[in-house]
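Q: Please take one part of this model and go through it closely. I would like the chain interface, and the sheet around it, strand by strand.

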Protein chains: 2
Amino acid sequence: MKFPVLVEVKLREGIADPQGATIERALPALGFAGVEGVRVGKAIRFMVEAPDETAARALVTKLCERFLTNPVIEDADITVG
Amino acid sequence: MKFPVLVEVKLREGIADPQGATIERALPALGFAGVEGVRVGKAIRFMVEAPDETAARALVTKLCERFLTNPVIEDADITVG
């Protein structure tokens, strides 16, 4: 079976996010007030072939640890199906 | 009130995604079979101050159109709350 997967890669708390900080600093000058705590991560979507959802999740977890994230500074949220 | 917001910025269908294609091409050599259709987008999270959820969503929609996406090649999925 094929399962749709979404992996959200986020910077860990406490890790500086210059891209988010730049967006946040720019917004008031562009007329958008009231936005704070901007953090920019990655949203990776793909299809994975696996016998069941548990196997799909296990494969994606390994994929995240080994390849899609830098575990020193990033965390991944995995959504299968 | 403050609302947590997630904006997922995705490349529109049909727009080439070299980053996703590179991941997909690399995976078999790393021992991960059965992954296809990899698309890499952005996941932007922040807090927005607004009187209610409708107003928050309206503000974020404007923000996406004007600033967070390139509407020629990108789409945004907005989740408020």
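A: Two strands count as paired if DSSP finds at least two bridges between them. Strands (E, at least two residues) and helices (H or I, at least four) are DSSP runs, numbered from the N terminus. The model is predicted, so local features need pLDDT of at least 70 and side-chain atom pairs count only at pLDDT 80 or more, while totals for chains, interfaces and linings use all residues. Residues are numbered from 1 along each chain as its sequence is written, chains are lettered from A and ligands numbered from 1 in the order in which they are written, and side-chain values use heavy atoms, with hydrogens and water left out.

Start with the sheet. It is open and has six strands, in the order β3(A)-β1(A)-β2(A)-β2(B)-β1(B)-β3(B), and the pairing is antiparallel. β3 (74–80) of chain A and β3 (74–80) of chain B stand at the edges. Each has a single partner strand, so one side of each is left without a neighbour in the sheet. Neighbouring strands are turned by 25 degrees against each other on average, direction ignored. Axes here are lines fitted to C-alpha atoms, for helices over the stretch in contact, and angles run from 0 to 180 degrees between N-to-C directions.

β1(A) and β3(A) are antiparallel and share seven bridges. In that pair, K10(A) faces D75(A) of β3(A). D75(A) also forms a salt bridge with R12(A), the closest N and O atoms being 3.5 Å apart. That pair links distant parts of the chain: D75(A) is in strand β3, R12(A) is in the loop between β1 and α1, and they are 63 residues apart. A salt bridge here is a side-chain nitrogen of Lys or Arg within 4 Å of a carboxyl oxygen of Asp or Glu. On to the next pair: eight bridges join β1(A) to β2(A), again antiparallel. There, K2(A) stands opposite E49(A) of β2(A).

The sheet then crosses from one chain to the other. Eleven bridges join β2(A) to β2 (residues 35–49) of chain B, and these strands run antiparallel. K42(A) stands opposite K42(B). V48(A) has V35(B) as its bridge partner.

Chain B carries the sheet onward. β1(B) and β2(B) run antiparallel and are joined by eight bridges, with V9(B) partnered by K42(B) in β2(B).

Helix α1 (residues 18–26) of chain B lies across β2 of chain A and β2 of chain B, at about 130 degrees to β2(B). Helix α2 (residues 53–68) of chain B lies across β2 of chain A and across β1, β2 and β3 of chain B, at about 160 degrees to β3(B).

Next, the interface as a whole. 33 residues of chain A are in contact (heavy atoms within 4.5 Å) with 33 residues of chain B. The buried area is about 2,800 Å², and carbon and sulfur atoms give 63% of it. F32(A), R45(A) and F67(A) lose the most area on the chain A side, together 21% of what that side buries. Buried area is the accessible area (1.4 Å probe) that two parts lose on being put together, summed over both.

The rule finds four salt bridges across the interface. K2(B) forms one with E36(A), the closest N and O atoms being 3.2 Å apart.

Which elements supply the chain A side? β1 (2–11), α1 (18–26), β2 (35–49) and α2 (53–68) of chain A each supply at least two residues. β2(A) gives the most, with 15 residues. By class, this side has 19 nonpolar, four polar and ten charged residues. Ala, Val, Leu, Ile, Met, Phe, Trp, Tyr, Cys and Pro count as nonpolar, Asp, Glu, Lys and Arg as charged, and the others, Gly among them, as polar.
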